[in-house]
Amino acid sequence: MIKIKLSELLGKRRMTQQQLSQLTGIRPNTISDIYNEMCARLNIDHLDRICEALECDISDLIEYIPNKIKKTGDNLILEPHGLRKNAEHN
């Protein structure tokens, strides 16, 4: 699982999402989606801008937490449309 720690970083810096949006030029809705971990994809340029504005490393912003139920290897099944899906969720 990937955990986005933007809320923690902003809290430590006492910075609002609006302030980060103004510093980075990233739309407020996009900042909100990242902050609330509601995004399915992250734009590399956005990550670069956020890290620059917060003077942090990418590892301060994003954390990998191993999945309790694996999503790779033998735990995958192929769906009719060609995408893979975890066998646990059938």
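## Exercises on a predicted chain

Buried residues account for 24% of the 90 residues in the protein chain. The model is a predicted one.

**Exercise 1.** State how many helices and strands the protein chain has, and give their pattern along the sequence.

*Solution.* Begin with the count: the protein chain contains five helices and four strands. Next, read along the sequence; the pattern is β-α-α-α-α-α-β-β-β.

**Exercise 2.** Find which residues of helix α1 are buried, and determine how they are arranged about the helix axis.

*Solution.* Helix α1 covers residues 6–13, and in it Leu6, Leu9 and Leu10 are buried. Viewed down the axis of α1, these buried residues fall within an arc of 95 degrees, so they line one face of the helix. Then look for what covers them: the cover includes β1 (2–4), α2 (17–24), α3, α4 (44–54) and α5 (58–61). Finally, follow the chain just past α1, where arginine 14 takes a positive phi of about 50 degrees.

**Exercise 3.** Locate serine 32 and decide whether it is buried, partly exposed or exposed.

*Solution.* Serine 32 lies in helix α3, which spans residues 28–35. Its relative accessible area is 24%. Buried requires under 20% and exposed over 50%, so serine 32 is partly exposed.

**Exercise 4.** Give the share of contacts in the protein chain that join residues at least 24 apart.

*Solution.* Take the contacts between residues at least 6 apart in sequence; of these, 52% join residues at least 24 apart.

Methods:
Residues are numbered from 1 along each chain as its sequence is written. This is a predicted model: local features need pLDDT of at least 70, side-chain atom pairs count only at pLDDT 80 or more; totals for chains, interfaces and linings use all residues. Side-chain values use heavy atoms; hydrogens and water are left out. Helices (H or I, at least four residues) and strands (E, at least two) are DSSP runs, numbered from the N terminus. Buried means under 20% relative accessible area, exposed over 50%, partly exposed in between (1.4 Å probe, protein chains only). Contact means heavy atoms within 4.5 Å. The arc is that of the directions from the helix axis to the C-beta atoms.
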